[in-house]
Amino acid sequence: MYELGKTPLHELHQQLGGKMVEFAGYSMPVQYPLGVKKEHEHTRTSCGLFDVSHMGQIVVRGPEPAQALESLVCADIVGLREGMQRYALFTGTEGGILDDLMVVNAGDHLYLVVNAACKAQDIAHLRMGLGSEYEVEELDRGLLALQGPKAADVMARLCPDACKMTFMQHSRHDMAGIPVWISRSGYTGEDGFEISVAAEQCEALARQLLNETEVEPIGLGARDSLRLEAGLCLYGHDIDQTTTPVEAGLIWAVGKSRRYGGEREAGFLGADIILHQIQAKDHQRKRVGLLGEGRAPVRKGAELYSEDDRHIGQVTSGSFGPSVGKPVAMGYVSIDDAELGNVVYAEVRGKRLPMTIARMPFVEPGYYRG
């Protein structure tokens, strides 16, 4: 019998009344007694604490690790300043996305955070792609995400130095007497901090944070609706090995130095396909945001049709957006049908529901840029 993985906060989730479900091979809380909608709203107005310890935390060491990693990702890693992190994509030989990840320049090594469901294959991919002169180490650490407009107020009491950081900065601190690695980032569209902590100290730190009046525990349900309103992709839903960065609207994740004419052009798996799509603009489909009417959410897998009954695509993520007050979704449609303001129709239980192609993110980001 397959046994689910448990994060260092498993017992705490149960004590807090978390409804546990299987997610990416782990037992994770989908919601707490507050409920998904109120958890979502609390994060948007105050501050939520998320357990993201199921994610893979990896250190890469060796000669010029940034240059070496550029053979596997399309981002500019060599140009990443020490103490900064960057969103990156592992790409495959056919130009598809193998995983999305965060990369930190930690001085003499790189610190990576990868998706839980992909971490085993990502580690194998790194070891094979980088070769034996590089050490690829998976860390046994917890990872907490403190998210929301009042996150900085909480951090000002527990780790004042962290409040000096701006969006996508990363540094090491002492927080309430516990050594931590902190980045000012997150996946909700709000200001916030992601806190890496030794596994054995994770619960103590989480309890400290939950003792703060602004903080509520938040489950996977609200995490999904928050990231969807923020227009952020979920691997395995909105991006996967069948989608290229260009189709996914992630051209910005292909570093300018890695594009044709750049100082380190190409050199990553699938570069010929991805860079051709950027240059020729000949890809056939595009990820778009979709705003519905009424209150019925349009879920992943709903087929999309044009007004003249042509099948034009499919929804990849969908929910009711509590902050937007409408159903929100994203999906892929043919390029000819991807214009902002275009009305398309999602098939839900035999009915065609109108949705308007809309700009993402659906909510104004709250990232702190100083």
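## Helix α7 and its surroundings

Helix α7 (220-229) is mostly covered in this predicted model, with nine of its 10 residues buried, where buried means under 20% relative accessible area, exposed means over 50%, and partly exposed lies in between (1.4 Å probe, protein chains only). The buried residues are L220, G221, A222, R223, S225, L226, R227, L228 and E229, and they pack against β1 (19-23), β2 (26-31), α2, β3 (47-51), β16 (311-321) and β17 (326-334), contact being defined as heavy atoms within 4.5 Å. Just after α7, G231 takes a positive phi of about 70°. Helices (H or I, at least four residues) and strands (E, at least two) are DSSP runs, numbered from the N terminus.

Residues are numbered from 1 along each chain as its sequence is written, and side-chain values use heavy atoms, with hydrogens and water left out. Because the model is predicted, local features need pLDDT of at least 70 and side-chain atom pairs count only at pLDDT 80 or more, whereas totals for chains, interfaces and linings use all residues.

## The two domains and their interface

The domain assignment, whose bounds come from an automatic or database source, gives domain 1 (1-282) and domain 2 (284-360), and the C-alpha centres of domain 1 and domain 2 lie 27 Å apart. The contact takes 22 residues from domain 1 and 19 residues from domain 2. The area buried between domain 1 and domain 2, that is, the accessible area (1.4 Å probe) that two parts lose on being put together, summed over both, is about 1600 Å², of which carbon and sulfur atoms give 51%. In domain 1, L228, E229 and E247 lose the most area to domain 2, together 35% of what that side buries.

Between domain 1 and domain 2 the count is one salt bridge, a term that stands for a side-chain nitrogen of Lys or Arg within 4 Å of a carboxyl oxygen of Asp or Glu. The side chains of E247 and R285 meet in a salt bridge, at 3.6 Å from N to O. Polar contacts are pairs of N or O atoms within 3.5 Å; within protein, one must be able to donate a hydrogen and the other to accept it, and residues adjacent in sequence count only if both atoms are side-chain atoms. For domain 1 and domain 2 the count is 13 residue pairs in polar contact, both at pLDDT 80 or more. The elements that give two or more residues to the side of domain 1 that touches domain 2 are α2 (36-45) and α7 (220-229).

## Positions listed by UniProt

UniProt positions are given in the numbering used here, with feature names shortened, and the annotations may be inferred rather than shown by experiment. An unreviewed UniProt entry lists E194 for "binding site". E194 is placed in strand β12 (residues 192-198) and is buried, with a relative accessible area of 17%. Leaving aside neighbours within four places in sequence, E194 is in contact with L144, A145, W181, I182, S183, S185 and G186.

For "domain: Aminomethyltransferase C-terminal", UniProt (unreviewed entry) lists residues 285-363. Over residues 285-363 the chain is 0% helix and 57% strand, and the end C-alpha atoms are 24 Å apart.

## The loop between α7 and α8

V246 lies in the loop between α7 and α8 and counts as buried, at 3% relative accessibility. Leaving aside neighbours within four places in sequence, V246 is in contact with I251, I274, Q277, I278 and H283. V246 and G96 are 150 residues apart in sequence and 9.7 Å apart in space, C-alpha to C-alpha.

E265 lies in the loop between α7 and α8 (271-280), where E265 counts as partly exposed at 40% relative accessibility. The side chain of E265 reaches the backbone nitrogen of G261 at 2.7 Å, and, leaving aside neighbours within four places in sequence, E265 is in contact with S257, R258, R259 and Y260.

## Salt bridges across the structure

A search of the whole structure finds 22 salt bridges. In one of these, E138 is paired with K119, the closest N and O atoms being 3.8 Å apart; the pair links distant parts of the chain, with E138 in strand β8 (residues 135-138) and K119 in helix α4 (residues 119-130), 19 residues apart. E138 is partly exposed, with a relative accessible area of 41%, whereas K119 is buried, with a relative accessible area of 12%.

The side chains of D309 and R352 meet in a salt bridge at 2.8 Å, N to O. D309 lies in the loop between β15 (303-305) and β16 and R352 in strand β19 (residues 351-358), so the pair ties together parts that are 43 residues apart in sequence. Salt bridges that share partners join E70, D76, R258, E263 and R264 into one network.
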